[in-house]
Amino acid sequence: MFEARHQLIIVTPVYEDTEACTELLQHLGARFGETLYVVLVDDGSVRQPLRAQDIPEQAPDCCIVSLRRNVGHQRAIATGLSLVAAQLQAHQRLILMDCDGEDSPEACTLLLQRLDPSTSDIVVAQRRKRSESLRFRVFYMAYKGLFRAATGRSIDFGNFMAMTPAAARRLTAMSELPIHVAGTALASKLRIERAPVDRSTRYQGRSKMNFQSLVLHGLKAIMVFAEDFLVRIGLACLIVALVAALCILAAIGIKLTGVPTPGWFSVTLGILVLISLQAGTLTLLALMLNGVLKNTPVAGAAVHAENIDSVQSIPRRGAPSAGNS
């Protein structure tokens, strides 16, 4: 696939977005030239499948990884990352980015400048200025608040990141990677440095992500920390159960002392008993699910390879052909 002379490897998913992708390749080729190799993961596109003839002359060395079906943005990135991680050499660097232009080639240089293996394993793009609608920004703020409440952590970055070969191999060894890439990076315990980067505008077309997809994407980030979330749910249920039990004891004590109680006392007592039982049941279920998750097998590169239909190498114009596979 790529060679030792390629100092930078970029993995980007492409789904029905050929025009934007080709423009990105032109900008990347102009900036990085022969030192760059781009892995284009075509996520089962039907209307605009990425083909060799779509690659512009100014593009760097690249390959098209065609998937058998549409597996989603995050799993497509995981597939491309798993394909290249084992081949990375110590001097090479890897960048994950989108192909639509919102992750700019200029920002790639900034991420690489910040990536110092002695102090950081991953440098992520922390959005400083966003171009989305007010609705999206409000939802994003709510999502960050929900994520912090559910996991006890803060997430303020997306898929746009640069990493060392060791970091790439560590991420591919984590079963959470196809669920949410940024969440997996946060859960990996790797040293993460944040670089303030403005989000650029799309080259062509419109985003394929609708509001429903964004909500699902946000929930998947919490799924990466399912163990922490379930423990928090269990503790919350346990607190509710204890409070309900104390209220039941207080109500029984009032009844035994002969203090007159209103007619709805028995109804309230019954509700408290039900709350206590339900909270206790949810606590047990949370603990059981936590145990199941700890025993979940890790999805390796072989699992992602099942999604790949073909890998077509496309050398830079004038370079010797690398062939197809």
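Tutor: What follows goes from the sheet to its helices and then to single residues.

Tutor: This is a predicted model, in which local features need pLDDT of at least 70 and side-chain atom pairs count only at pLDDT 80 or more, while totals for chains, interfaces and linings use all residues. Residues are numbered from 1 along each chain as its sequence is written, and side-chain values use heavy atoms, with hydrogens and water left out.

Student: What is the order of the strands in the open sheet?

Tutor: Helices (H or I, at least four residues) and strands (E, at least two) are DSSP runs, numbered from the N terminus. Two strands pair if DSSP finds at least two bridges between them. Here eight strands form an open sheet with mixed pairing, in the order S7-S5-S6-S4-S1-S2-S3-S8. Its edge strands are S7 and S8 (308-314), each of which pairs on one side only. On average, neighbouring strands of this sheet are turned by 20 degrees against each other, direction ignored.

Student: Do S1 and S2 run parallel or antiparallel, and how many bridges join them?

Tutor: S1 and S2 (residues 36-42) run parallel and are joined by seven bridges.

Student: In what sense does S6 pair with S4 and with S5?

Tutor: S4 and S6 pair in the antiparallel sense over three bridges, and Ile-95 stands opposite Ala-162 in S6. S5 and S6 are also antiparallel, over four bridges, and Val-124 has Met-161 in S6 as its bridge partner. Buried means under 20% relative accessible area, exposed over 50%, partly exposed in between (1.4 Å probe, protein chains only). S6 is mostly covered, as six of its seven residues are buried.

Student: How is a helix read, and which residues of H4 are buried?

Tutor: An α-helix has 3.6 residues a turn, so residues three or four places apart point the same way. The expected span is 1.5 Å times one less than the number of residues. For the 18 residues of H4 (residues 134-151) that should be 26 Å, and the end C-alpha atoms are 26 Å apart, which agrees. Buried in H4 are Phe-136, Phe-139, Tyr-140, Tyr-143, Phe-147, Ala-150 and Thr-151. Seen down the axis of H4, these buried residues fall within an arc of 105 degrees, so they line one face of the helix; the arc is that of the directions from the helix axis to the C-beta atoms. On the other side of H4, Leu-134, Met-141 and Ala-149 are exposed. Gly-152, with a positive phi near 80 degrees, follows H4.

Student: What do the buried residues of H1 pack against?

Tutor: They pack against S1, S2 and H3 (105-114). Among the buried residues of H1 are Ala-20, Leu-24, Leu-28 and Phe-32. After H1 comes Gly-33, whose phi is positive, near 60 degrees.

Student: Where is Leu-171, and is it buried or exposed?

Tutor: Leu-171 is in H5 (residues 165-172) and is buried, with a relative accessible area of 0%. Leaving aside neighbours within four places in sequence, its contacts include Leu-81, Ile-122, Met-163 and Leu-190.

Student: Which side chains make polar contacts with the side chain of Arg-202?

Tutor: A polar contact is a pair of N or O atoms within 3.5 Å; within protein, one must be able to donate a hydrogen and the other to accept it, and residues adjacent in sequence count only if both atoms are side-chain atoms. The side chain of Arg-202 makes such contacts with the side chains of Asp-17 (2.9 Å) and Asp-100 (3.0 Å). Arg-202 lies in the loop between S7 (192-197) and H7 (211-224), and counts as buried at 18% relative accessibility.

Note on methods
Contact = heavy atoms within 4.5 Å. Axes fitted to C-alpha atoms, helices over the stretch in contact; angles between N-to-C directions.
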